Amino acid sequence: MNSVAANRPEPYKRPEQTHEAFEWVRSERIESLNVIVEEYRHRITGAPHFHLASDNAENVFLVAFRTVPEDSTGVAHILEHTVLCGSERYPVRDPFFMMIRRSLNTFMNAFTSSDWTAYPFASQNRKDFTNLLDVYLDAVFFSRLHELDFAQEGHRIEFAEPDNPESELTFKGVVFNEMKGAMSSVTSTLWQTLTQYLFPTTTYHYNSGGDPEHIPDLTYEQLRSFYKTHYHPSNAVFMTCGNIPAVDHQARIHDRALSRFDRLDVHIAVNDEKRYYAPLRVQHSYALDDETDTSDKTHIVMGWLLGRSTNLREQLEAQLLEGVLLDDSASPLRHALETTDLGDAPSPLCGLEASNREMSFMCGLEGSRAEHADAVEMLVLQVLRDVAEKGVPRERLESVLHQLELSQREVSGDGYPYGLQLILEGLSCAIHGGDPVALLNLDPVLEELRSNIQDPGYIRQLIQRCLLDNQHRVRLTMVPDTGLSARKTAAETTRLAHIKEQLSDEQRQFVLRQAEALAKRQKQVDDPGVLPKVGLEDVPAEMQIAQGDTETVAGKPLSFFAQGTNGLVYQEVVADLPDLGEQLLDCLPYYTNCLAQLGCGGRDYLETQALQSSVSGGIHASSTLRGAVDDVQSLRGHVLIAGKALLRNNRSLSRLLLDTMETPRFDELARIRDLIAQQRARREQSVTGNGHSLAMLAAASGMSPGAALAHRLRGLAGIHYLKRLDDSLDDEEQLAAFAGRLQQIHQLVHAAPRQYLLIGEAEHRAQMRQELETVWMRAAAGSDAFTRFSQSPVRHQVRDAWITNTQVNFCAKAYPTVPIQHPDAAALAVLAGFLRNGYLHRVIREQGGAYGGGASHDSDNASFRFYSYRDPRLEETLEDFDRAVVWLLEEKHEARQLEEAILGVIGSIDKPGSPAGEARDAFYNELYGRTPDQRQAVRRRILNVTLDDLRRVTATYLDPGLASVAVITGQAKQEACRSLGLNVNQL
């Protein structure tokens with residue numbers, strides 16, 4: 001058997017230039033990623049620097065620190081926030097958010113993981129990159145850590161009326177409220193509780209983000225002490241990616257930061273966990289603020305602790321194990337979890353967690369009952385025993401390796417920048433002292449695994465060793481408790497009352513003085529001139545738009561985009577959305593969810609799922625709806641079926657897409673029932689993480705047909721409908737009727753005019769086109785009797801409150817405006833950033849304590865929206881939205897503020913995506929009338945917006961009498977919502 005070392009490529013040559021402060025360790029070319037990874041070490045501090053040299057002009061920087069909390073006070077998380085509140089060279093209280101406004105960054109953020117904290121950014125502009133590098137380096141290594149910033153970002157006690165010591169005490173703080181929102185998520189609570197038992201002695205036992213019950217225990221002195229030991233170059237990892245040479249990065253890093261440090265002899269690391277001698281079974285409660293039947297709301301999850309994530313072979317074996325058991329519905333464990341009557345759907349925790357020092361594997365069910373715990377455990381173990389005894393077909397093993405190869409090759413970048421994704425792939429390994437270069441270069445280990453799976457006993461032994469013989473196993477049963485939230489609130493109230501009772505006169509005066517000092521600090525205007533900036537003169541003249549061309553294939557239009565896809569091909573079948581009628585329209589999201597997950601081509605869904613995994617990166621269906629550029633009341637839509645594959649599987653991908661369009665199995669009723677239950681579980685879990693977006697959809701739902709349908713199909717109204725639908729489908733007649741409606745939709749979609757989208761490398765165009773045409777020549781002809789989708793105009797006000805399981809609020813207010821082609825659309829886009837930068841960030845986040853808040857203009861639906869995210873306030877926030885309008889109209893504003901707002905809009909417009917993503921973006925924009933010329937013209941109008949334009953559009957469109965309101969809140973706020981004149985809906 002070939003070893004990994006035998007397959008490792010030869011070391012690459014030493015770079016021509018190196019910096020004297022850094023020792024070059026090695027360079028290695030990774031062909032599959034088209035990068036050269038260079039490793040260096042700072043001679044004095046020992047800090048490693050990994051540079052991914054590529055021709056990508058979007059350069060990425062990241063510095064990370066090992067942060068190993070020993071409690072759940074959230075010290076690492078609060079430090080991440082506080083570090084960014086001013087530093088030695090940049091003594092302003094908010095340099096991070098100020099730089100967001102003064103930059104053309106394509107990414108800026110900071111992350112707190114379970115055992116590291118990272119500070120990444122990316123930019124396509126060299127000057128901008130250097131500016132951000134200077135600010136980031138000073139922030140992390142020379143932070144001021146002002147005590148008032150700790151009070152603002154972390155936690156503090158304050159009187160409900162800040163200047164009245166007789167009023168009640170409250171806890172405040174951005175992180176405190178953020179974590180209240182995070183722990184409102186059942187999935188977060190489930191994960192945190194499981195890891196508490198999987199890791200009884202190491203840092204993963206604790207909530208690194210902070211438990212709201214323990215956050216108030218953290219002192220300012222403890223925060224400073226943690227900073228001194230953890231935020232030192234000897235405990236740091238530097239990673240960069242792009243076309244700026246490593247030597248240039250190192251000159252700046254050394255000069256601005258590392259030259260001022262000596263080596264620190266403190267070694268911070270996570271130890272291996274002590275292992276259990278027998279499985280552990282525990283039961284806990286989670287808060288469910290719902291007065292309805294809770295009998296089928298229990299989560300049952302099993303978790304195993306595996307080997308070290310730094311061992312590349314063990315990690316790839318664990319990924320193979322995960323893929324074999326859970327990759328798709330044909331995988332044995334996922335199949336068992338999806339089809340059992342013991343629960344509604346597989347747990348959202350199902351899968352492998354490989355970022356901690358030691359990996360963990362989880363599986364289980366949601367929508368179950370506590371009394372089913374033993375049966376769920378028996379089900380899982382029996383599946384594992386069957387696999388260990390009988391094995392799985394070699395084709396399934398090859399499919400898993402195929403998926404690993406495809407994910408390794410794909411050039412992503414539509415969420416995070418591609419370079420940042422590569423860096424994050426290797427970061428945990430680097431943090432734990434492993435080899436991130438080996439982790440990025442999977443090809444040698446994939447070859448070894450391909451050899452290993454030739455042995456029929458290999459996967460059987462893997463299941464036996466990693467899972468069945470592994471005694472470090474936890475079974476967690478999480479049952480709903482409708483009184484838990486009230487008890488937690490009562491406990492917090494009692495705690496605060498006790499604190500108030502114990503306060504001395506001097507301590508009361510301190511609380512009053514701190515509140516006054518913080519309010520004064522939040523209102524002070526810092527000199528932005530101390531920070532570096534880019535200006536409008538640094539903005540490129542035009543945005544980059546992918547170019548494609550159109551021809552005819554199999555009698556239909558084909559748009560081809562030549563993009564650098566690294567050996568992948570992307571195909572989409574795009575059908576005009578037909579007129580469905582109201583009943584079928586409600587079913588559209590469930591049709592697109594089911595379509596590619598049913599059997600087709602004479603196969604059942606298990607065979608189809610297996611085939612998809614063996615030759616593609618998956619098939620999915622979706623719908624798009626968009627208003628016209630000059631009239632949002634005129635709506636068009638499309639249904640698309642899309643997939644991706646390695647070039648060698650292009651023909652097979654075409655066949656799969658054809659079969660999905662021609663012969664889907666809507667007779668698979670049990671499969672449809674399972675898919676709807678799973679879709680419901682996902683949608684319900686999405687609320688607390690995406691509440692601001694859902695609230696904005698609801699607030700704007702009366703402003704256009706597109707906005708109304710967004711709320712109805714994928715917003716809060718859609719979730720409400722889905723719950724009722726799911727409850728009805730236990731009736732066999734209802735299920736059959738529902739499947740019939742899906743079949744009706746498909747017949748109409750199949751008859752609709754269609755076209756094709758093909759994305760790949762230019763040199764393979766002829767081959768890809770020929771294979772696509774050969775396959776689609778067999779497609780059945782559409783019908784001439786086609787009626788295009790249309791909707792009646794929509795214009796009405798909304799005043800709604802949606803009640804769900806949350807400890808925080810999500811507030812939104814919306815105003816009707818104009819579509820993208822209107823001259824005022826550009827000013828409204830800039831206005832959103834102007835209000836966020838100048839007013840909303842300060843009053844919603846800093847003073848109000850919400851995790852986030854801002855404004856946006858949706859030109860597709862002609863609506864201007866205010867929003868807050870994980871917000872402790874409700875009425876006051878809605879009032880602050882109104883005050884923002886007054887502030888804009890009555891205060892004097894500077895040209896600098898306008899420039900910053902314009903830069904923000906241009907930065908979001910010009911942000912690069914993946915090669916395939918940029919092609920799709922160009923195709924769908926043009927499909928809906930957003931041609932390259934039209935988009936460039938809108939961009940030019942944005943660059944020319946004036947302060948007078950902002951005042952004019954504010955006065956014209958942000959009329960309080962025209963505003964619509966929507967909030968998402970908890971049960972305790974129902975009466976407050978009614979007093980505001982909001983219609984209360986139970987989600």
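At what angle do helix α21 and helix α28 pack, and how far apart are their axes? Keep that in mind as you look through these close-ups, which all come from a predicted model.

**View 1. Helix α21 packs against helix α28.** Here you're looking at α21, which covers residues 588-595, and α28, which covers residues 732-751. The answer to the opening question is an angle of about 85°, with the axes 10 Å apart. Angles from 65 to 115 degrees count as roughly perpendicular, so that's what we call α21 and α28. On the α21 side, look for L588, Y590, Y591, C594 and L595. They meet F738, L742, I745, H746 and V749 of α28. Sort the contact residues by class and you get 9 nonpolar, 1 polar and no charged ones.

**View 2. Helix α11 packs against helix α12.** Now we move to α11 (residues 332-339) and α12 (residues 373-390). Their axes are 10 Å apart, and the packing angle is about 150°. Anything over 145 degrees counts as roughly antiparallel, so α11 gets that label relative to α12. If you're wondering about handedness, the crossing of α11 and α12 is right-handed. From α11, the contact uses P332, L333, A336 and L337. From α12, L379, V380, V383 and V387 take part. What classes do the contact residues of α11 with α12 fall into? There are 8 nonpolar residues, with no polar and no charged ones.

**View 3. F107 and Y416 form an aromatic pair.** F107 belongs to strand β5 (residues 105-108), while Y416 is in the loop between α13 (394-409) and α14 (418-431). The pair therefore ties together parts that are 309 residues apart in sequence. F107 counts as buried, at 9% relative accessibility, whereas Y416 is partly exposed at 36%.

**View 4. H81 sits in helix α2.** Last up is H81, which you'll find in α2, the helix made of residues 75-83. Is H81 buried or exposed? Its relative accessibility is 7%, so H81 counts as buried. Which residues does H81 touch, once we set aside neighbours within four places in sequence? Those contacts are E153, V174, V175, E178, R845 and Y851.

Note on methods. Residues numbered from 1 in each chain as written. Predicted model: local features only at pLDDT ≥ 70, side-chain atom pairs only at ≥ 80, totals over all residues. Heavy atoms only, no water. Axes fitted to C-alpha atoms, helices over the stretch in contact; angles between N-to-C directions. Helix = DSSP H or I, 4+ residues; strand = E, 2+ residues; numbered from the N terminus. Parallel < 35°, antiparallel > 145°, perpendicular 65-115°, else oblique. Left-handed = near helix turned anticlockwise from the far one by under 90°. Contact = heavy atoms within 4.5 Å. Nonpolar A, V, L, I, M, F, W, Y, C, P; charged D, E, K, R; others polar. Buried < 20%, exposed > 50% of the residue type's maximum accessible area, 1.4 Å probe, protein only.
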